[in-house]
Amino acid sequence: MRKVLSLVIAFILAFATIPASANSAQTYFFGSDSMGAILTGESPIVVEHEELTFQIPGFPREYYESFEDFMRYNSFVSASYSFYNPSDYTVTAKLLFPFGARPNYGYGGELQADTEKYGVLVNGERIESTLRHSFSRFGEFDLEKDLQKLHDDYMVDDFYRPDLPVTEYSFRVDRLENDRATALFTVPAQSGRTKVYFPMCCMSTIKDDGTTELGAHVETGDILTIYAIGEAFAEPVMWKFTDHTDGKDKPVNGTAELTEAKSMTLYDYAMCCYEPGEVSEIDWYNAIVAELQELDAEGALYFDFNFDLTYSLLRWYEYELTLEPGERMNNTVTAPLYPSIDLNYEPPVYTYQYLLSPAKTWTDFGTLTVTVATPYLMVEPDSAFTKTAAGYTANYNGLPDGELLFKLSTEEKPQKAENPYRWFFLRIVLLIGAVAAIPLLFVIYFYRKKRKHGNTL
């Protein structure tokens, strides 16, 4: 028994002293989708031919130490359209070219400057274009939904408008019986005329009477802030404090006194974190309202709202074209290109996606040529692509089904890296099993000892 027990203990100690091999470093970085030109409104203009050129001389890094270093990254996509006006009248059309939200890699807040290197050409000459922005929480593009978020003026709906009142209530937590407790209040009933935003909120409960209770973890001296978007609260906010450390809610003595009630408009509220720059005031305000609308629909406004739109703005080029009767025109739009980066492969895999669905807004669409100019290799290339000396090319008669997606790497068949957590979790399971075996061994030992003594009587 001693020998067996010694082996089990040695096994446990061996596992306890082996360094964990799990690697917690981020292994996947999201890029941004590129998209085709969108024609707003009805127009007779047709696309006779589109040529997509992906210039990919190098892959992006997951992080850049300097702005100058980041600006040297020079992969881009150019979409060149051959337009034709078959009508007998002059046509002026407004076009939009969405080219993705900010990827979750790059250099700090300077990423917007990448657009200065690119723009819009007509017959080889650069024309004026405007950089527009709209809210996109997850950076995904939906043609119908995202078009509705882009407005030339401040957004107004049945509830939200720039002059909508907003009241900021500030409460100071004092005289808490415990060092840390949960502060709770019931959202006042306002018949849908008020939306509540509670930045510190970490829990919400729908009570039996249908009201909602919100809570946050607090300490003495904390400031609790509640925003009433719409009508101000008709009744005072009543706070209570509880302790849930043992799994049961116990009342805790404490106070939360109202220290200030500040009035403002929704415009003031939305623009509190705005900094003049590439994003216009109208686009910023409308992005904040679009976020409020989405969270309203999900019933999550209490604690999911975020004023930081850094990674939640879809970028668009907006420009106008005028074609005379029977005129043909070449229009080229160039935008930065950011793939998703998958470090779970060796070597890493870079995924590029170009959304062709916006082209469905055109009256007619002819042929499409895709060129990928790169020294790298396609991973599992689509059968439409042909390898060339400069990269890859594909030709389509009309729009292909689905979106355009391809993957590049320094090797044609990168290997999936072994999950670093696999042996880590296996080790934990074996360790738990070894610990659990100790009492079982004692039971077996004493049972056999008792049986042995019994047989000698």
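Setting aside neighbours within four places in sequence, Asp69 touches Arg61 and Tyr64 in this predicted model. The residue sits in helix α2, which spans residues 67–71. Is Asp69 buried or exposed? Its relative accessibility comes out at 14%, so Asp69 counts as buried, the cut-off for that label being under 20%.

Next, the empty space inside. Rolling a probe the size of a water molecule over the atoms shows where such space is left. Run over the whole structure, the search turns up 1 cavity of 30 Å³ or more. The largest cavity holds about 30 Å³ of space. Its lining draws on Gly36, Ala37, Glu50 and Tyr81, together with Tyr354, Leu355, Leu356 and Ala359. By class, the lining of the largest cavity splits into 6 nonpolar residues, 1 polar and 1 charged.

Then there is the sheet. Strands of a sheet pair through backbone hydrogen bonds, either parallel or antiparallel. Here, an open sheet of 4 strands runs in the order β12-β15-β10-β18, and the pairing is antiparallel. β12 (194–197) and β18 (255–265) take the edge positions with a single partner strand each, so one side of each has no neighbour in the sheet. From one strand to the next, the twist averages 20°.

Within that order, β10 (residues 165–174) and β15 (residues 223–230) are joined by 7 bridges in the antiparallel sense. Which residue of β15 is the bridge partner of Val166? That place goes to Ile229.

Terms used. Residues numbered from 1 in each chain as written. Predicted model: local features only at pLDDT ≥ 70, side-chain atom pairs only at ≥ 80, totals over all residues. Heavy atoms only, no water. Helix = DSSP H or I, 4+ residues; strand = E, 2+ residues; numbered from the N terminus. Buried < 20%, exposed > 50% of the residue type's maximum accessible area, 1.4 Å probe, protein only. Contact = heavy atoms within 4.5 Å. 1 Å grid on protein atoms, 1.4 Å probe; cavity = no way out; pocket = protein on both sides within 12 Å on 5 of 7 lines; lining within 4 Å. Points joined across faces, edges and corners; volume = space filled by probe spheres on them. Nonpolar A, V, L, I, M, F, W, Y, C, P; charged D, E, K, R; others polar. Pairing = 2+ DSSP bridges. Axes fitted to C-alpha atoms, helices over the stretch in contact; angles between N-to-C directions.
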